Amino acid sequence: MRIAMIAALCAGVAGCVSSPADYGASLSQQDPKWASPGCQQARAAAADYAQREKDHPGWGFGVLLGPYSMGMVAAVKEHEKQQRRLLARQMHLQCSSQKLPKELDFDPAIYAPKKEHYP
């Protein structure tokens, strides 16, 4: 029962956010912003992120550590989802003159790391 709940939670957390490189490929190359240096940097950052995602251990890492690591794996997947959304948003702002799509229209400060103040 517990394992089923953990698996359902992990599946929900993983989400379905496309990779920033795929999102960049879907943008119009006819847009005047496409050839800008900011867009080139955003596309390079998306390609680097896609390569880093392929290189890390992913879900297999949690299987090796046992059922107690599923929370850690879920947190990593959530962080990856947030990073994909941030990179896709940045790419849209740098490479497209169109209005932000609804799924990318959010305050990027909500994903900013919080500074902890320890006593």
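Which residues is S96 in contact with, leaving aside its neighbours within four places in sequence?

1. **S96.** The model is predicted. In it, S96 is in contact with L27, D31, K33 and M91, once neighbours within four places in sequence are set aside. S96 lies in the segment after α5. Its relative accessible area is 8%. The cut-off for buried is under 20%, so S96 counts as buried.

2. **Overall fold.** The protein chain has five helices and zero strands. Along the sequence the pattern reads α-α-α-α-α. Of the 119 residues, 32% are buried. The protein chain exposes about 8,400 Å², and carbon and sulfur atoms supply 60% of that area.

3. **Contact range.** Take the contacts in the protein chain between residues at least 6 apart in sequence. Of these, 69% join residues at least 24 apart. Two pairs discussed below illustrate such separations: C39 with C95, 56 residues apart, and S18 with R84, 66 residues apart.

4. **The disulfide.** The count of disulfides is one. C39 and C95 form it, with their sulfur atoms 2.0 Å apart. The link joins distant parts of the chain: C39 sits in helix α3 (residues 37–55), and C95 in helix α5 (residues 70–95). The angle about the S-S bond is 105°, and the link is right-handed. Both C39 and C95 are buried.

5. **Helix α3, geometry.** α3 has 19 residues. From first C-alpha to last it reaches 27 Å, close to the 27 Å expected at 1.5 Å a residue. Its buried residues are G38, C39, A42, A46, Y49 and A50. Seen down the axis of α3, these fall within an arc of 115°, so they line one face of the helix.

6. What covers the buried residues of α3 includes α2 (20–26) and α5. The face turned away from the buried side carries the exposed residues P37, Q41, K54 and D55.

7. **Nonpolar core.** Which residues make up the largest nonpolar core? There are 11: Y23, L27, W34, C39, A42, A46, A88, M91, C95, L100 and L104. The elements that give two or more residues to this core are α3 and α5. Both disulfide cysteines, C39 and C95, are members. In soluble globular proteins, nonpolar side chains tend to be buried together.

8. **W34.** W34 belongs to that core. Residues up to four places away in sequence are not counted here. W34 then touches G24, L27, S28, Q29, C39, R43 and C95. Among them are the two cysteines of the disulfide, C39 and C95. L27 is a further partner of W34, and L27 is also in contact with S96.

9. **S18.** Is S18 buried or partly exposed? Its relative accessibility is 42%, so S18 counts as partly exposed. S18 is placed in the loop between α1 (2–14) and α2. Neighbours within four places in sequence aside, S18 is in contact with Y23 and R84. S18 and R84 are 7.3 Å apart in space, C-alpha to C-alpha. Y23 is one of the core residues.

10. **Two serines compared.** S18 is partly exposed at 42%, whereas S96 is buried at 8%. S18 sits in a loop between two helices, while S96 sits in the segment after α5. Each has a core residue among its contacts: Y23 for S18, and M91, for one, in the case of S96.

How values were computed:
Residues numbered from 1 in each chain as written. Predicted model: local features only at pLDDT ≥ 70, side-chain atom pairs only at ≥ 80, totals over all residues. Heavy atoms only, no water. Disulfide = S-S within 2.5 Å. Helix = DSSP H or I, 4+ residues; strand = E, 2+ residues; numbered from the N terminus. Buried < 20%, exposed > 50% of the residue type's maximum accessible area, 1.4 Å probe, protein only. Contact = heavy atoms within 4.5 Å. Areas by Shrake-Rupley, 256 points an atom, 1.4 Å probe, with all protein chains shown as cover. Expected span 1.5 Å × (residues − 1). Arc of directions from axis to C-beta. Core = buried A, V, L, I, M, F, W, Y, C linked by side-chain atoms within 4.5 Å.
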